[in-house]
Amino acid sequence: MLGRGLKRKLSDYEENMAGLSSAFDSSRSLPYPLKRQLVLNMCLTKLQTYKMLVEPNLHRSVLIANTVRQIQEEMRQESNQQPVNICPGIAPSSHSYTGIESSGISLQLPSGISQQESNCCDLRSVEDPIENSLLIVSDDDMSSAISSILKDLDFVEDISPPTCLVPTGDDQPKFPENTVLKLEDDRQDSKGAECVFGSFEISNSTSYLKDLAIDDIFEDIDTSMYDSDFCCPPLMPPRSPSLATEEPLKTFPSCNSSSANNIQICRTDLSELDHIMEILVGS
Amino acid sequence: FLGAGGGNDIQWCFSQVKGAVDDDVAEADIISTVEFNHSGELLATGDKGGRVVIFQQEQENKTQSHSRGEYNVYSTFQSHEPEFDYLKSLEIEEKINKIRWLPQKNAAQFLLSTNDKTIKLWKISERDKRPEGYNLKEEDGRYRDPTTVTTLRVPVFRPMDLMVEASPRRIFANAHTYHINSISINSDYETYLSADDLRINLWHLEITDRSFNIVDIKPANMEELTEVITAAEFHPNSCSTFVYSSSKGTIRLCDMRAAALCDRHSKLFEEPEDPSNRSFFSEIISSISDVKFSHSGRYMMTRDYLSVKIWDLNMENRPVETYQVHEYLRSKLCSLYENDCIFDKFECCWNGLDRQVEFSVIVMTGSYNNFFRMFDRNSKRDVTLEASRENNKPRTVLKPRKVCASGKRKKDEISVDSLDFNKKILHTAWHPKENIIAVATTNNLYIFQDKMN
């Protein structure tokens, strides 16, 4: 997560953000896409900051999330009209915030700005330091950021529903069990940009959530079964049950649990292990 | 009928200021709510430290006809303490979000005060007599030697120095998952509502262990949440009617007789967006921070970030009047978003009613740089005044201020860029019966009166 073990100069950052926002306010020549990108960055930064708070402010989070959605929708409509996909995901480098310093400088160069505006996608080249500055993110990542924050608010806040007297009339009172059921149905149905488990999204390395190690995503899941004692490297053939009974406790060579391939193969071996256990136990 | 009405016709004079003088503001001293009681004799403030301070107006001195009674401290008590919710691992702030007075029924005064989670009913009573002349005890409490008691006497009440006691009579807890933003006492004086970000509950003042949930806008899936409740108030005359405002700039009027759960509004007040003013921040600045019914209940006033709007309850599609509080901030919205000022929740209030002014005709609200604004609905005039210790002499008429939005700054004008956005006036209150106003800066309470000739 952003900020974990990552020192950045907060005062510099704040100064630059203040400089950028007053540039937004005062400059009439700032092109619209750049203004929009600036607002989007500020929104995402705020949401990120709130995510780190124990109890984020619901009112503010909702307002900011709506602003992000509005910008997202606008960008989506524009990209539908244009053949080129605007702003695919980019990895903010660890110097992304210091990169804003460079964007602060670049704002004073009109030629640089117009180049950014028209060649939004061409700025992805690593050699150009300016492209790191504006945290260009994808639709999915924005949605997942919003979703995960709002979802976290629910989890943190509303463990017990308010006490209420059941009305004697025809109205259907809202029972907590119904809402819980509905939530699960919705999760299975939801597709597209509105990802449900934002923090569980296994993005490619160029995503906004790049700083998340894969291990952290699976923190909540008991992955002890996939640990080194049970996994095997891809090249080993599946063992026959008879061999397994002779050496049931042989330690398999350890493998990196973050490899998806290994997980697949470990699963195969796991069912074999079950089979072995059945034989041992004689059930 | 107009008489002494009019924001510009009234000449406001400095009367008093309460609070610490130094610029270093202690966090706990930040004033978070201000409210006059129904007679105007008492003025309550709540602060971030969970304390309530009540000021009492001196009885009018008939010989000193040029000024109304001063407000002096009457009672101070700790209303709410910081709490820790162990289940959710969260601190519950003790800051007093709102105070609402009950109308006086007997010698004691009652008020409701609330923080984010818990509402409390406080009884404030006076003790100015005490019994003297006990048979078995001396006056200092020591027991008398029984052998010295030779006669019996009846204890009598003798005057003592006035003691004001505050005691919590009811505690209404555990009904709000989200942060309480409003409480409003019903015109039946038996029930009241409390509103948080997503729900509104109805309470009976005598019953603390349960409440009715009358509004619930929480979606089944929190990811679909796009709107929160920002304020709620009961109609002043109709005990089954209340309104609540939202972060999207809408106001819903609900009738509790229609259904137990008021999910469907009777009326929806919403103004279509002005396309020429559209910006990235349009939705944020449309969020309503306060809603107040007029005295008659025919109108209501809402405050959003840049304006005050007056709505006729019979017209849902647009307000009847709109007053710009600080339009010069519209071109600074990005900076104000960046420093979070755009989320400041300004309140608003109506004028009081006296024999001369029988209608809600002036609105008052706060701004930055310790400025506050008044708008006269009849004359359409407005004025900007400043709460500062520089105008310290009593009966000094406040000089109107002016902000220079752009261009050449005239003498005595202040440019937008010199405004101090840390000095914000969020809470103001108007005496219900006289032209006395209470204006809260960050940690000071200013009292202004109109100039009496």
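1. Axes here are lines fitted to C-alpha atoms, for helices over the stretch in contact, and angles between N-to-C directions run from 0 to 180 degrees. Helices (H or I, at least four residues) and strands (E, at least two) are DSSP runs, numbered from the N terminus. On this basis, helix 2 (residues 32-52) and helix 3 (residues 58-81) of chain A have axes that come within 10 Å and cross at roughly 145°.

2. The model is predicted: local features need pLDDT of at least 70 and side-chain atom pairs count only at pLDDT 80 or more, whereas totals for chains, interfaces and linings use all residues. Residues are numbered from 1 along each chain as its sequence is written, chains are lettered from A and ligands numbered from 1 in the order in which they are written, and side-chain values use heavy atoms, with hydrogens and water left out.

3. Helix 2 of chain A passes helix 3 of chain A in a left-handed crossing, meaning that the near helix is turned anticlockwise from the far one by less than a right angle (clockwise would be right-handed). With contact taken as heavy atoms within 4.5 Å, the residues of helix 2 of chain A that take part include A:Y32, A:R36, A:L40, A:L47 and A:Y50. The contact comprises eleven nonpolar, three polar and five charged residues; Ala, Val, Leu, Ile, Met, Phe, Trp, Tyr, Cys and Pro count as nonpolar, Asp, Glu, Lys and Arg as charged, and the others, Gly among them, as polar.

4. Six of its six residues are buried, so strand 3 of chain B is largely enclosed by the rest of the structure. In a regular strand the side chains alternate between the two faces of the sheet. Here B:L42, B:A44 and B:G46 point one way, while B:L43, B:T45 and B:D47 point the other way.

5. What are the pairing partners of strand 3 of chain B? Two strands count as paired if DSSP finds at least two bridges between them. Strand 2 of chain B pairs with strand 3 of chain B in the antiparallel sense over five bridges, and B:V34 has B:T45 as its bridge partner. These two strands form a hairpin with five residues between them, and B:G40 in the turn has a positive phi of about 85°. Strand 4 of chain B is also joined to strand 3 of chain B by five bridges, again antiparallel, with B:L42 opposite B:Q56. This second hairpin has three residues between its strands, and its turn holds B:G50, with a positive phi of about 85°.

6. Elsewhere in chain B, four strands form an open antiparallel sheet in the order 1-32-31-30. Strand 1 and strand 30 (427-430) of chain B are the edge strands, each pairing on one side only. Neighbouring strands of this sheet are turned by 20° against each other on average, direction ignored. Four bridges join strand 30 to strand 31 (residues 436-440) of chain B, and B:T428 has B:V439 as its bridge partner.

7. B:D29 is partly exposed at 31% relative accessible area, as is B:R51 at 26%.

8. Most residues other than glycine have a negative phi. B:N369, however, has a positive phi near 60°; this residue lies in the loop between strand 25 (362-366) and strand 26 (371-376) of chain B. B:N369 is buried, with a relative accessible area of 10%. B:K380 has a positive phi near 65° and lies in the loop between strand 26 and strand 27 (382-386) of chain B. At 49% relative accessibility, B:K380 is partly exposed.

Note on methods:
Buried < 20%, exposed > 50% of the residue type's maximum accessible area, 1.4 Å probe, protein only.
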